[in-house]
Each structure stands twice: as C-alpha cells, then as structure tokens.
Amino acid sequence: MNMYLLLIVLYREDLLDEVLSALVEMEITGAAVLDGTSMERVLSEDVPIFAGLWQATGGTGHTKTIVAVLPDRGLLDPLVLHFKEIDIDFTKPEIGKLFLIPVDFYLGPTPGERL
C-alpha cells in the first residue's frame with residue numbers, strides 16, 4: 001500500500017478552521033496540528049543583525065502545521081481543487097505551503113482510523 005505524508009504549513013492562522021473542515025470533507029482525518037514560529041521571526045528576535053527581517057515579511061511570524069497521512073495520492077488533486085474553491089490558494093505566498101511526501105515506512109493505525 002502506497003502512503004503519503006501531507007504537510008500544510010499555514011501562515012494565515014485565521015484559515016485553520018476552513019483547512020481542517022476541507023480535510024474532513026475529503027475524509028482525511030487523524031491529522032495533527034502543530035504551532036510554529038517562522039524562522040524570520042526567531043532570527044529577528046534572537047539575532048540583532050536580522051531585526052528588520054521579520055517586519056519586512058509583513059507576517060505575524062506564527063504558523064500552524066497540519067500533518068496527515070494520506071492512503072491514496074488520488075486525494076491530493078481534489079483536495080487542492082477544494083481549497084481553491086473556498087479561496088485557499090497555496091500558490092499565494094501569504095497563505096502557506098502544501099507538501100505531499102511518499103512514506104517509505106508506516107507503523108500505526110490505518111490512516112483515517114480514530115485514535
């Protein structure tokens with residue numbers, strides 16, 4: 001069985017509910033949501049030479065990362081289309097990034113199974 005790791009780094013935290021709802025609508029469940037801080041914000045706060053970097057990016061510096069296992073690559077295109085339909089377009093740099101990575105090994109419950 002081929003499996004994939006879906007990673008979504010969301011810069012717009014206000015879109016988190018819509019992203020999670022879209023995943024559930026596509027029957028992608030069991031995801032984890034992680035809080036994060038952008039590299040630019042950390043550098044600007046901890047390394048004085050980079051103080052203006054975070055302000056130049058115009059973001060809050062906080063991110064949400066959603067991690068989910070997809071049992072089928074065929075779920076990706078409909079998911080991306082659904083995101084665009086609800087005005088979440090990952091080609092816009094202010095929204096975030098979306099990755100799909102093949103999983104070589106997985107040990108755990110069947111993806112989508114409730115914890």
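Which side chain of opposite charge is nearest to Asp89, and how far away is it? In this predicted model, the answer is Lys84, at 4.6 Å. A salt bridge needs a side-chain nitrogen within 4 Å of a carboxyl oxygen, so Asp89 is left without one, even though Asp89 is buried.

Let's see what else surrounds that aspartate. Asp89 sits in the loop that runs between helix 4 (76-85) and strand 4 (96-103). Its side chain does find a polar partner: the side chain of Thr91, at 2.6 Å. If you skip the neighbours within four places in sequence, Asp89 is in contact with Lys84 and Ile95.

Now for the aromatics. Searching the whole structure turns up one aromatic pair. Its members are Phe83 and Phe90, with ring centres 5.5 Å apart and planes at 70°, so this one goes down as edge-to-face. Phe83 has 0% relative accessibility and therefore counts as buried. Phe90 comes in at 18%, and because the cut-off for buried is under 20%, Phe90 counts as buried too.

Finally, hop over to Met3, which lies in strand 1 (residues 3-10). Its relative accessibility is 9%, so Met3 is another buried residue. Along the chain, Met3 and Pro102 are separated by 99 residues, yet in space their C-alpha atoms are 6.2 Å apart. Pro102 is also one of the residues that Met3 touches once those up to four places away in sequence are set aside; the others are Val69, Leu70, Ile101, Val103, Tyr106 and Pro111.

Definitions and conventions:
Residues are numbered from 1 along each chain as its sequence is written. This is a predicted model: local features need pLDDT of at least 70, side-chain atom pairs count only at pLDDT 80 or more; totals for chains, interfaces and linings use all residues. Side-chain values use heavy atoms; hydrogens and water are left out. Rings of Phe, Tyr and Trp (its six-membered ring) pair if their centres lie within 6.5 Å; planes under 30 degrees apart count as stacked, over 60 as edge-to-face and the rest as tilted. Buried means under 20% relative accessible area, exposed over 50%, partly exposed in between (1.4 Å probe, protein chains only). Helices (H or I, at least four residues) and strands (E, at least two) are DSSP runs, numbered from the N terminus. Lys and Arg count as positive and Asp and Glu as negative; His and the chain ends are not counted. A polar contact is a pair of N or O atoms within 3.5 Å; within protein, one must be able to donate a hydrogen and the other to accept it, and residues adjacent in sequence count only if both atoms are side-chain atoms. Contact means heavy atoms within 4.5 Å.
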